[in-house]
Amino acid sequence: MDLTRNAAGRRRVLGAAAAVALGAAAMAGAGLPATASPLAGNGALAAATTGGSQWLTGYWHNFDNGSGTIHLADVPSQYNLVEVAFADASASSPGGIEFNLATTDFGGTYSVDQFKADVQTLHAQGRKVVLSIGGQNGTINVTSATQAANFATTAYAVLQEYGFDGVDIDFENGIDATYTANALHTLASKVGPSFILTMAPQTIDYQATSMAYYQLTQNVKDILTVVNTQYYNSGSMLGADGKVYSQGSVDFVTSQAAILLDQLGLRPDQVGLGYPATSQAAGGGYQTTANVIAALDCLEKGTSCGSFKPSKAYGKLGGIMTWSVNWDKTSGYAFADAVGTRLATGGGTTDPTDPPTDPTTPPTDPTTPPTDPTTPPTDPTTPPTDPTTPPADCSAAAWSSSTVYTGGNTVSYGGQVYQAKWWTLGETPGAAEWGPWAVVGTC
């Protein structure tokens, strides 16, 4: 998730060139053997505890990264699955975890006892609360039998102490599919059938069967509740049809989700779609709630699709995830209101005493069709330039939206020279802070 306690959002910058190099053929490989578990179907049992409704998953961060902080009990009821970010690595048990409430970020107004009481408040409302493990700064490693045992033991103790319903895996600094799966199966056995297991991989993690997250997903399918892939901060990726799609579009999400459904073989209820709640919450790939709903409709019903057509209408998916509840609050919970209505997870709970940051700006109309993701937004503060005609003293060729560039290629655009960080097609230089282009000079 590439989430930091001081970052402005979820900034997981990916090497899309690596995804293309892996190739679509690699995704069609034979499935990996799943680890046996006495809790087969556990994910379905966990979902059943909410009456069979879909999940609207919201990350609640235990720190202020610019979006502000909120008490757990104030999370709108549309979020029926709340992910508490993040657990920390245990200081004394290799592979183990602990949880530390960042009370200083709340200005001393939030105690551990109050937090625990808030977990129970959400439970009383029929909602689930899980502990997310990892993030950009997470240093938890489960690469041996000893570390796997320590993970299961310490995680179970934290779950018991705080009342968490399960864990979310967001390992971003390496992952061992075998030992991590062993640890999760042990933890699931300790907790029992109510255990909730979610994951938040990046898009590149499912570009080939050799990817560690791909293998981990195969190994824990029997206890997996839902996997919420981060469909943002990604760059371009191969879809299930072997074609390249750019982030920020309905096609990008549907073509990636089809990999999990058609190739990895997850049940529809185990597949969730991950989005940033606001444009400030991610470096790239933000989409309107209209696009979010269109992608869900495409996968579930076969309607509102773009150029990518799924192999079938899959029926009800696991739901929608967002980073984060905190960021959603800055827009008056517009994401929760629109998507919660579509998922029927609840509604009308926005705090009337806490209006949107800019009450003069009307919310996005979810009935408005998605904009054309191939047309980058124009910066109103920058006069338009002709990208086909570089300045006279530029040695780099002008950027072209129809040309494929790979890492190291240089282009001129808008009076600056950019260098590609990875494979890219149709992504305007300078359009996204964390996009595929880096400024290397002026001309």
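A helix axis here is a line fitted to the C-alpha atoms over the stretch in contact, and the angle between two axes runs from 0 to 180 degrees between their N-to-C directions. Keep that handy, since two packed helices are described by the angle between their axes and the distance between the axes. What you're looking at is a predicted model of a protein with 443 residues.

**The whole protein**
- Count up the secondary structure and you get 11 helices and 16 strands.
- Buried residues account for 52% of the protein.
- Take the contacts between residues at least 6 apart in sequence: 72% of them join residues at least 24 apart.
- The accessible surface is about 16800 Å², and carbon and sulfur atoms make up 53% of that.

**Where α8 meets α9**
- Helix α8 covers residues 250–263, and its axis comes within 9 Å of the axis of α9, with a crossing angle of roughly 40°.
- The crossing of α8 and α9 is right-handed.
- On the α8 side, the residues involved are Val250, Val253, Thr254 and Ala257, and they meet Asn291, Ala294, Ala295, Cys298 and Leu299 of α9.
- Sort the residues of this contact by type and you find seven nonpolar, two polar and no charged.
- A bit of helix background: an α-helix has 3.6 residues a turn, so residues three or four places apart point the same way.

- In α11 (residues 334–343), the buried residues are Phe335, Ala336, Ala338, Val339, Gly340 and Leu343.
- Just past the end of α11, Ala344 has a positive phi of about 60°.

Methods
Residues are numbered from 1 along each chain as its sequence is written. This is a predicted model: local features need pLDDT of at least 70, side-chain atom pairs count only at pLDDT 80 or more; totals for chains, interfaces and linings use all residues. Side-chain values use heavy atoms; hydrogens and water are left out. Helices (H or I, at least four residues) and strands (E, at least two) are DSSP runs, numbered from the N terminus. Buried means under 20% relative accessible area, exposed over 50%, partly exposed in between (1.4 Å probe, protein chains only). Contact means heavy atoms within 4.5 Å. Accessible areas come from the Shrake-Rupley method with a 1.4 Å probe; for residues, only the protein chains shown count as cover. A crossing is left-handed if the near helix is turned anticlockwise from the far one by less than a right angle, and right-handed if clockwise. Ala, Val, Leu, Ile, Met, Phe, Trp, Tyr, Cys and Pro count as nonpolar, Asp, Glu, Lys and Arg as charged, and the others, Gly among them, as polar.
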